[in-house]
Amino acid sequence: MTGAAGHEQGPAPKASPEPGRALALRHPTEDDQPSVVRVVDEWFAGRRVHDLATRAWFRHFGQTSWLATDDRGQPIGFLIGYRSQDRPAEGVLHLVGVHPSHRRIGIGRAIVSTFLADIAGRGVTTITALAWPGEPIPIAFFGAMGFELVGGSGSRNLYGTLAHPDHEAPSEDRIVFARRLRPA
């Protein structure tokens, strides 16, 4: 999606994660936050991530974030992302999650691909994302989506993956991923 179409709240675009299966994608609103935060820890295998999906993300970054819903309107996937205010050529994929029962059918790929196309249309040329070291699902997912590991000063092998110790805070190690985008 490019241009104004990526900014509208009109009819939900359809993506097809697998043949014969439609997926409704739309920008989330603040009203969607409670239904996402209610399930997000479960989707992350009990890791407490609900603090990463607070109301402010839905209120202030809804137009650059995406929500996938099932035929009953229930969330089955989401992505919170934005264009950096201080580095306008950089976009940040803050958090992406897919309901465990709906994985491996292309929902995550559809959400991230839609975000990448939308954010490239806003002038973004690089996307960054973080993951916890030792978590095979996001490491494999981001690799399959064309993201590369970012090394640099202080990075080292943690749990079998290049990571940055204390990246977010003491004892909050992270893997840093980046992907270059083609200008829209």
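This is a predicted model: local features need pLDDT of at least 70, side-chain atom pairs count only at pLDDT 80 or more; totals for chains, interfaces and linings use all residues.
**Note on salt bridges, cores and aromatic pairs**

1. Glutamate 172 is partly exposed, at 33% relative accessible area, while arginine 174 is buried at 11% (buried is under 20%, exposed over 50% and partly exposed in between, with a 1.4 Å probe and protein chains only). Their side chains form a salt bridge, N to O 3.0 Å (a side-chain nitrogen of Lys or Arg within 4 Å of a carboxyl oxygen of Asp or Glu).

2. Residues are numbered from 1 along each chain as its sequence is written, and side-chain values use heavy atoms, leaving out hydrogens and water.

3. The whole structure has eight salt bridges. One of them joins arginine 72 to aspartate 70 at 2.9 Å, N to O; arginine 72 is exposed, with 65% relative accessible area, but aspartate 70 is buried at 17%. Aspartate 118 and arginine 122 form another, at 3.2 Å, N to O. Here aspartate 118 is buried at 2%, and arginine 122 is also buried, at 17%.

4. Aspartate 173 lies in strand 10 (helices are DSSP runs of H or I with at least four residues, strands runs of E with at least two, both numbered from the N terminus). Aspartate 173 is buried and has no salt bridge; arginine 156, the nearest side chain of opposite charge, is 5.9 Å away (Lys and Arg count as positive, Asp and Glu as negative; His and the chain ends are not counted). What the side chain of aspartate 173 does reach is the backbone nitrogen of aspartate 166, at 2.8 Å. Leaving aside residues up to four places away in sequence, aspartate 173 touches several others, among them Trp132, Leu158, His164 and His167 (contact means heavy atoms within 4.5 Å).

5. The largest nonpolar core has 30 residues, and Leu93, Ile107, Val112, Phe115, Ile127 and Phe147 have the most contacts inside it (such a core is a set of buried Ala, Val, Leu, Ile, Met, Phe, Trp, Tyr and Cys residues joined through side-chain atoms within 4.5 Å). Elements giving two or more residues include strand 4 (75-83), strand 5 (90-98), helix 4 (107-120) and strand 10 (172-180). Helix 4 gives the most, eight residues. A second, separate core has twelve residues, including Val36, Val40, Ala53 and Leu67.

6. There are seven aromatic pairs (ring centres of Phe, Tyr and Trp, the last by its six-membered ring, within 6.5 Å; planes under 30 degrees apart are stacked, over 60 edge-to-face and the rest tilted). Tryptophan 57 and tyrosine 82 are a tilted pair, 5.7 Å centre to centre with 35 degrees between the planes. Tryptophan 57 is in helix 3 (residues 55-60) and tyrosine 82 in strand 4, so this pair ties together parts 25 residues apart in sequence. Tryptophan 57 is buried, at 18% relative accessible area.

7. Phenylalanine 142 and phenylalanine 177 also form a tilted pair, because their ring centres are 4.9 Å apart and their planes at 40 degrees. This pair links helix 5 (residues 136-144), which holds phenylalanine 142, with strand 10, which holds phenylalanine 177, 35 residues apart. Both phenylalanine 142 and phenylalanine 177 are buried. Together with Phe141 and Phe147, Phe142 and Phe177 form one aromatic cluster.

Technical notes:
A polar contact is a pair of N or O atoms within 3.5 Å; within protein, one must be able to donate a hydrogen and the other to accept it, and residues adjacent in sequence count only if both atoms are side-chain atoms.
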